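Here is a quick tour of a protein model, written to be read with the viewer open.

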Amino acid sequence: MEHTELLKKVRKIEIKTRGLSANIFAGEYHSAFKGRGMAFSEVREYQFGDDVRNIDWNVTARYNKPYIKIFEEERELTVMLLIDVSGSRDFGSFEKFKKNVITEISAILSFSAIQNNDKIGVIFFSETIEKFIPPKKGKSHILRIIRELIDFEPENKGTNISEALRYMTNAIKKRCTCFIISDFIQSENEFDKALTIANNKHDVVALRIFDEREASLPPIGMIKLKDAETGEYIWVDSSSRQVRESYAQWWKEASAKLDWSFKKSGVDYANINTKEDYVRSLMTLFKKRGLKA
């Protein structure tokens, strides 16, 4: 992509997603994604109703009156985006391709992180790890991430989510909040173990991006379909009711299995349709997490 065209696209994404992040997500993000714990702040005299477990016995003995320790939440987080750049992201039947929605959501999460003084990093993955951007702070870092989101071209087309999760778990030593942003269409369906291991060490959130047309076939006769990840073609008779119903049933079962994997692994998740407003889906997820906190 030409440099000037890329800068225009970066600026357009920045204006849209920065505004959404500042005006809509700021409070919800803060309450939904907590820091690593509580850090000691100061001591003060004991007051009626204070938790006696927080009494600082050394200070109490020194001044002959009870003092308690005050703790504050450690707000700073490390946020990691695991972004699927496999071939299937290039699909879209309405206004946006899946990759466009992935880009905008990733940018929103990046600006939300920086506004909360959190570090943010990115792992682009296909069937292998395509690129790792270590977590940092700062606007220039965010703009670099957006440039990569727009312009990055992977070397491979397949998908291996387990490999991405293993890499993230090994690369990021301290606990982080990790968003997997993918359509979760892959040849290896059994990634539950890698998901559970990653979520035990980190706080994993799954954002499944899908296109409505992937869920059902239109009755338009013989159609030639291409697997974006393998390059294979197949002819399908979409005028057949049995074919359409079989496909719809396959999609329903695959989606239910994926939802079960997330629940079993203790991972919060959202299903985001490219046709619909992703803001509502993200807000619902954030509020749900905020209530659980």
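## Overall picture

Among contacts between residues at least 6 apart in sequence, what percentage join residues at least 24 apart? The figure is 76%, where contact means heavy atoms within 4.5 Å. The protein has eight helices and 10 strands, taken as DSSP runs (H or I of at least four residues for helices, E of at least two for strands) and numbered from the N terminus. Of its 293 residues, 46% count as buried; here buried means under 20% relative accessible area, exposed over 50% and partly exposed in between, with a 1.4 Å probe and protein chains only.

Some ground rules before going further. This is a predicted model, so local features need pLDDT of at least 70 and side-chain atom pairs count only at pLDDT 80 or more, while totals for chains, interfaces and linings use all residues. Residues are numbered from 1 along each chain as its sequence is written, and side-chain values use heavy atoms, leaving out hydrogens and water.

## The cavity

A cavity here is a set of points, on a 1 Å grid over the protein atoms alone, where a 1.4 Å probe fits but cannot get out; lining residues have an atom within 4 Å of a point.

Which residues line the largest cavity? They are Ile-83, Asp-84, Val-85, Arg-89, Lys-99, Ile-102, Thr-103, Phe-124 and Leu-149. Helix α3 (98-115) gives the most, with three residues, and β3 (78-84) also supplies at least two. The lining divides into five nonpolar, one polar and three charged residues (Ala, Val, Leu, Ile, Met, Phe, Trp, Tyr, Cys and Pro count as nonpolar, Asp, Glu, Lys and Arg as charged, and the others, Gly among them, as polar).

## Asp-84

One of those lining residues, Asp-84, sits in strand β3 and is buried, at a relative accessible area of 1%. Its side chain makes a polar contact of 2.7 Å with that of Ser-86. Such a contact is a pair of N or O atoms within 3.5 Å; within protein, one must be able to donate a hydrogen and the other to accept it, and residues adjacent in sequence count only if both atoms are side-chain atoms.

Leaving aside residues up to four places away in sequence, Asp-84 touches Arg-89, Ile-102, Phe-125, Thr-159, Ile-181, Ser-182 and Asp-183.

## Helix α6

Now look at α6 (residues 192-201), where Asp-192, Ala-194, Leu-195, Ala-198 and Asn-199 are buried. Seen down the axis, these buried residues fall within an arc of 165°, so they line one face of the helix; the arc is that of the directions from the helix axis to the C-beta atoms. They pack against α5 (161-171), β6 (177-182), β7 (203-210) and α7 (241-265). Exposed Lys-193 and Asn-200 are on the face turned away from the buried side.

## Loop residues

Asn-64 isn't a glycine, yet it has a positive phi of about 60°. This residue is in the loop between α2 (57-63) and β2 (67-74) and is exposed at 73% relative accessibility. Phe-184, also not a glycine, has a positive phi of about 55°; it lies in the loop between β6 and α6 and is buried at 9%.

Note on methods: On a 1 Å grid over the protein atoms alone, a cavity is a set of points where a 1.4 Å probe fits but cannot get out, and a pocket is an open set with protein on both sides within 12 Å along at least five of seven lines; lining residues have an atom within 4 Å of a point.
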